[in-house]
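Dear colleague,

Please read them with the model open beside you.

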Amino acid sequence: RLAPDPPRFRLVAEDPSTGASLAVEMPDPDDPSSQAFQDFKSTRLQVSCYRLPLLQRCTKALAMSDTTKVRMNAEGMLSLAIRLRAPATGGSGFVEFTIVAEQIDASESPSQEDSQ
């Protein structure tokens, strides 16, 4: 879920074969005590659902990252650009994961009148 109003960023993943699910809600980007976001932009509510096994493939890189850029397009495709540091050399590099949405929840999506 990306939205201009709180909760502004929530990531949900489900595994229909096992019934397992994961939900992560990040602090409000405008909260001065939060360091979760360097920048956050959302002009409309967008809700998508992802398969948990696909997100699990990103967890090792996320655990080792120092910066992650999250983007979602209008179709719900999620992109995670993860910057990894190489302690031995002091260098860094990026790995990108692209995850296709399982479904878009029409009950929370804006109507045509709300989209601009």
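**The hairpin and its salt bridges**

In the hairpin of E4 and E5, which has 5 residues between the strands, Gly 76 takes a positive phi near 90°. Strands here are DSSP runs (E, at least two residues), numbered from the N terminus, and two of them pair if DSSP finds at least two bridges between them. This is a predicted model, in which local features need pLDDT of at least 70, side-chain atom pairs count only at pLDDT 80 or more, and totals for chains, interfaces and linings use all residues. Residues are numbered from 1 along each chain as its sequence is written, and side-chain values use heavy atoms, with hydrogens and water left out.

E4 pairs with strand E5 (residues 78–86) in the antiparallel sense over 7 bridges, and Met 72 stands opposite Leu 78 in E5.

The structure holds 5 salt bridges, each being a side-chain nitrogen of Lys or Arg within 4 Å of a carboxyl oxygen of Asp or Glu. One of them joins the side chains of Arg 83 and Asp 66 (3.1 Å, N to O), and this pair links strand E5 with strand E4, 17 residues apart. Asp 66 and Arg 83 also belong, with Arg 85, to a network of salt bridges.

Another salt bridge is formed by Arg 71 and Glu 96, whose closest N and O atoms are 2.9 Å apart. Arg 71 lies in strand E4 and Glu 96 in strand E6, so the pair ties together parts that are 25 residues apart in sequence.

How values were computed
Helix = DSSP H or I, 4+ residues; strand = E, 2+ residues; numbered from the N terminus.
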